[in-house]
Amino acid sequence: MAAKLAWNPSDLRKWLTEKAYREKIQPRLAGIRVKTIAEALQISVPYATEIGRKKRVPHPRHWPALGQLVEICLGAT
């Protein structure tokens, strides 16, 4: 909960919208182990499972880390 409260939406790259997450990152998560997702985001395995199965869109503060997992260049504008 503290991480959610400390997160600032302006920290997110402008191009990294929910649409970009769904189109560029989410499809590639199927190739990532659930445990790897959970460890990278410091979340529970059940929550990571829902993210990996496209049943849940994670909080935007997690999108950059997930992008790194699927090797998306986060330096793009």
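Is Lys-54 buried, partly exposed or exposed, and what is its relative accessible area? Lys-54 is partly exposed, with a relative accessible area of 48%. The points below concern a predicted model.

1. Packing of H3 and H4. Helix H3, residues 34-41, packs against helix H4, residues 45-52, at an angle of about 115°, and their axes lie 8 Å apart. H3 is therefore roughly perpendicular to H4, the range for that term being 65 to 115 degrees. The crossing in which H3 passes H4 is right-handed.

2. Residues at this contact. From H3, the contact is made by Val-34, Ile-37, Ala-38 and Leu-41. From H4, the contributors are Val-45, Ala-48, Thr-49, Ile-51 and Gly-52. Sorted by class, the contact of H3 with H4 has seven nonpolar and two polar residues, with no charged residues.

3. Burial within H4. Tyr-47, Ala-48, Thr-49, Ile-51 and Gly-52 are buried in H4. The buried residues of this helix pack against three helices, namely H2 (18-25), H3 and H5 (63-69). Ala-48, Thr-49, Ile-51 and Gly-52 are buried and also take part in the contact with H3.

4. The start of H4. Here a side-chain oxygen of Ser-44 comes to within 3.2 Å of the backbone nitrogen of Tyr-47. Tyr-47 is itself among the buried residues of H4.

5. Backbone at Gln-42. Most residues other than glycine have a negative phi. Gln-42 is not a glycine, yet has a positive phi of about 55°. This residue lies in the loop between H3 and H4. Gln-42 is exposed, its relative accessible area being 72%.

6. Backbone at Lys-54. A positive phi is also assigned to Lys-54, at about 65°, although this residue is not a glycine. As stated at the outset, Lys-54 is partly exposed.

7. Surroundings of Gln-26. Which residues does Gln-26 touch, not counting residues up to four places away in sequence? They are Tyr-21, Lys-54, Arg-56 and Val-57. Gln-26 is found in the loop between H2 and H3. Gln-26 is buried, because its relative accessible area of 7% falls under the 20% cut-off.

Notes
Residues numbered from 1 in each chain as written. Predicted model: local features only at pLDDT ≥ 70, side-chain atom pairs only at ≥ 80, totals over all residues. Heavy atoms only, no water. Axes fitted to C-alpha atoms, helices over the stretch in contact; angles between N-to-C directions. Helix = DSSP H or I, 4+ residues; strand = E, 2+ residues; numbered from the N terminus. Parallel < 35°, antiparallel > 145°, perpendicular 65-115°, else oblique. Left-handed = near helix turned anticlockwise from the far one by under 90°. Contact = heavy atoms within 4.5 Å. Nonpolar A, V, L, I, M, F, W, Y, C, P; charged D, E, K, R; others polar. Buried < 20%, exposed > 50% of the residue type's maximum accessible area, 1.4 Å probe, protein only. Polar contact = N/O pair within 3.5 Å; in protein donor to acceptor, adjacent residues only side chain to side chain.
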